[in-house]
Each structure stands twice: as structure tokens, then as C-alpha cells.
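Here are my notes on the model you passed along, point by point. Have the structure open while you read.

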Amino acid sequence: MTQLKASPASACSSLAIAPSFHHASITTGHLLRHQFSKAKPLSLKELGLKTSVGANKLQVIKAAARIDTEVVSETTKGGGLRGKLNKVVLAYSGGLDTSVIVPWLRENYGCEVVCFTADVGQGIKELDGLEAKAKASGACQLVVKDLKEEFVREYIFPCLRAGAVYERKYLLGTSMARPVIAKAMVDVAKEVGADAVSHGCTGKGNDQVRFELTFFALNPKLNVVAPWREWDITGREDAIEYAKKHNIPVPVTKKSIYSRDRNLWHLSHEGDILEDPANEPKKDMYMMSVDAEDAPDEAEYVEIEIESGLPVSVNGKRLSPATLLTELNEIGGRHGIGRIDMVENRLVGMKSRGVYETPGGTILFAAARELEFLTLDRETIQVKDSLALKYAELVYAGRWFDPLRESMDAFMQKITETTTGSVTLKLYKGSVTVTSRKSPFSLYRQDISSFESGQIYDQADAAGFIRLYGLPMRVRAMLEQGI
């Protein structure tokens, strides 16, 4: 964490906290394994309210809200157990980790908490009830931004154009989403006058690096709070117990815990039985795609049109980036396309096992790669592929705003200027097969490639070429044989 800077507390501007007496006891009561003294609840008499049957109920509610607001003010005014911050923007999902973090931040840093949620295509269900959850946890404001189009256009499509694949399989779904979310958090922090940002990433994963490198690159003055590296909770089991104890609603139970990350590009699954690489994933785990054996018995053909390395239409319909990907996710999902089960090397040094569903992305990668075979020459493909490996490593490691990646992206943009055309693919029970490819910039010439004789290519020329190309091997053999 960067050095904390003292700053006065300020009121959260948009949404006032909607607390209850119970909520006040949460924010000033038990926190993890630390015990704090609670203020004795005030009686109705002490509040100056009548206890007769005819007492005005609205008056009671207003008084209760006033007392709770005073408790909140006292919590944020004097600082917390670990320091003093003014206002923190928290990457918020409404799930277990971030729901627990809200009251923890207030207790430990005496700050107001602005929850931020980015809509990157995780689904409407993931966004339902977030405001109520954020308020119940003690946040003073919830900010939700729709980043779907920006996510696909500015992050997914550049990776697609670059051909970036991490360790032969992973199409970087989570890796691409973190920088667009972190960038938006920096923007929100400026808008609400926050002096810190926070995330719910564990100290064992890659996401902590991805978030924080983006914070560093875009606003190095921001303080960063990473609760999983500070608090006493040692795992999800402890967090669930803490959440239940404090009546924080969470969508998981002890019996079945999958760590999932969903966006418009993919859905990842980790944890539970997947932590043993020998275990086969359960059939009911998958959410974006059907099993190949349950897919339709009839193949489906899909045509992707690409301009300068970027997809623009599906089956003749020009669509926005996010809409195009949504369409392909639906098509690919019903044919069981895009399931990957892999053991990968995390940036922090350990291996982890993850299962990924990327139906639309798998189709797009197949189409883009195939079109390049028409439009790029051998040397260009080799250089591009070698750079794609490094490009993928940079994205996986959270270095999206690194000048090196940006420079490589400029190369990718230049080299794919002529990668324009269309590719038709056949989808059938989990497989993607290219059946047609066309481009006005195709380097393929039938009159040259044909086995029939032609004027441009004289087969007799091959003899001299082979003698010169093979000369180093011939010289070495002569040396070894004493010729």
C-alpha cells in the first residue's frame, strides 16, 4: 500500500447511507477477530420519544436514522485502526469478498466507501440488487458504468488482432477485463474526490497485479488498499462465516464454492473440485455452453467479415463490437464451442487450474487467424506470432498501459491493414472448421499455385534454389565425411 495521506472526511454526494440499528452495530461491533466496544443502544425515552401507542412512527424512524448517521460520522471522523483515508472507491461485485470489505474499510481506515461496478457483460443477474447490497454493507454510494462497448472495442479486439493467447490455450478473458475496470475506477475516484481505491483480489492471484499496475500507470497518487493482504481472513470459508455473522447477503454456500469471473468474452471457473487437476469438471458447472454431446446433430455455418484485422459483421449483419460478440456467444454456446480446461502458470509463481468458456471468442480467433493465412506472407506471420506470445504475456501480467504493449499494438495495427475479407466456419458438436476464406488482398494466386504449368513460376528454377538453400547442409556433410 502506498503512503497514506491525512485528509478530512467529506459527505458522500449521491446516495445517503440507509442504515438501521442493526447496521450500526455491524459497523461499530465485531470485525474479523478484533473486538470493538459497542455503544449502548439508546432507549426511546433517551431519544426523547413518547412510548405511547399514539406515538408518531415517522418520528421514531427519523430519530433512528439520525442516531445511525451520527454513529457513521463518528466512525469516519477519527480514523480507523490502520490509518485514515477520506474516501475509497471499491471495485464491487456484490459477492462475498467485496461485501465483507465495505464495513472492513470503514472500521480500519475511517473512510467513506464508494462502491463501483463495471458492466462488462457479466449479465443482468449479476447487477440485480447491487444498490441495496452496497447500502446494507455500509457504502455511501454505488456507481455503475456500462463498459461493454469500450471493453470489446478497445481491449478485446486489439488482443484478437494481435493473436494473443497465453500458454497455448487461454484467450485472456479476465486479463483483458481488469484494466478497463481499473481505468474506470481511476476516473470515478477523480469524479467523487476519492483519495484511495480498493479491490477484493486475493494475495495469491493475478488480478491484484492487474488492478494495481493500472492504478500506478494512470494515477500514481492514489492510495491502494488490498484487504486480502491485510486482514485476518484466511480463505473463503472464513469470509462466509464473517458474512453470515454480520447478515451480509452473499450468493455462495460452504457446500459448493466456485470462483467465477464472467464478462462478454468468457466465463471462468476455479476452486472447489477443480483444485485437483485429476477431477473432471461437473456437467452442471458450465453456464455459457452446452456439452458437445448435447449439441444439435446438424452443423451450423457462420460467416465472419473482417476489416483490417477486426470483425465487423456476422452472417452479413454489421453489428457493434459488443453486439457482435453477444451474437457469436449465443451461436457458439449452443454448439458447445470454446471450452478450455487448463493448468496455467500464474504471474505470482504458482500453477492454477481453471476451466474457461469462450464460445464467441473461439469462433473469432479461428476466423481471424485463417484470414491472415491469405493476407500475410511467411516472414510476417512468423514475426507476428512471436510477438503475439509476448503481447499475451504483457496482458496476462496486467501491463496493458505499458508503452511496450502499446508499441506492439501499433505494429499489429499496421501489419493487419490488409487483413480484410470474410471467413465461413462450420460449427458442429464442439468443433470449429474453416470451410471458406476470401479477401480482396489475398496473396494466394491460383494461377501460380496450380499444378498446371504457368508463366510466372517456372519449375526448372527450383533446382538452383534448392542448391543454394541447401548449401550450408551440404558443406557440413562434406566436412564430416572428409570430402
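1. Strand S1 (residues 87–91) pairs with strand S4 (residues 196–198) in the parallel sense, over 3 bridges. Within that pairing, Val 88 has Ala 196 of S4 as its bridge partner. On terms: helices (H or I, at least four residues) and strands (E, at least two) are DSSP runs numbered from the N terminus, and two strands pair if DSSP finds at least two bridges between them.

2. Before going on, a word on what we're looking at: this is a predicted model, where local features need pLDDT of at least 70 and side-chain atom pairs count only at pLDDT 80 or more, while totals for chains, interfaces and linings use all residues. Residues are numbered from 1 along each chain as its sequence is written, and side-chain values use heavy atoms, with hydrogens and water left out.

3. Back to the sheet. It is open, with 5 strands in the order S3-S2-S1-S4-S5 and parallel pairing. At the edges sit strand S3 (141–146) and strand S5 (223–225), each pairing on one side only. From one strand to the next, the twist averages 25° (axes are lines fitted to C-alpha atoms, for helices over the stretch in contact; angles run from 0 to 180 degrees between N-to-C directions).

4. Two non-glycine residues with positive phi deserve a look. Arg 168, in the loop between helix H6 (148–162) and helix H7 (173–192), has phi near 75°. Asp 272, in the loop between strand S7 (267–270) and strand S8 (300–307), has phi of about 55°. Are they buried or exposed? Arg 168 counts as exposed, at 84% relative accessibility, and Asp 272 is partly exposed, with 30% relative accessible area. The cut-offs: buried is under 20% relative accessible area, exposed is over 50%, and partly exposed is in between (1.4 Å probe, protein chains only).

5. Ser 289 lies in the loop between S7 and S8, and at 8% relative accessibility it counts as buried. What does its side chain contact? There is a polar contact, at 2.8 Å, with the side chain of Glu 357 (a pair of N or O atoms within 3.5 Å; within protein, one must be able to donate a hydrogen and the other to accept it, and residues adjacent in sequence count only if both atoms are side-chain atoms). Leaving aside residues up to four places away in sequence, Ser 289 touches Gly 333, Gly 336, Ile 337, Arg 339 and Glu 357, with contact meaning heavy atoms within 4.5 Å.

6. Gly 482 follows H16, with a positive phi near 70°.
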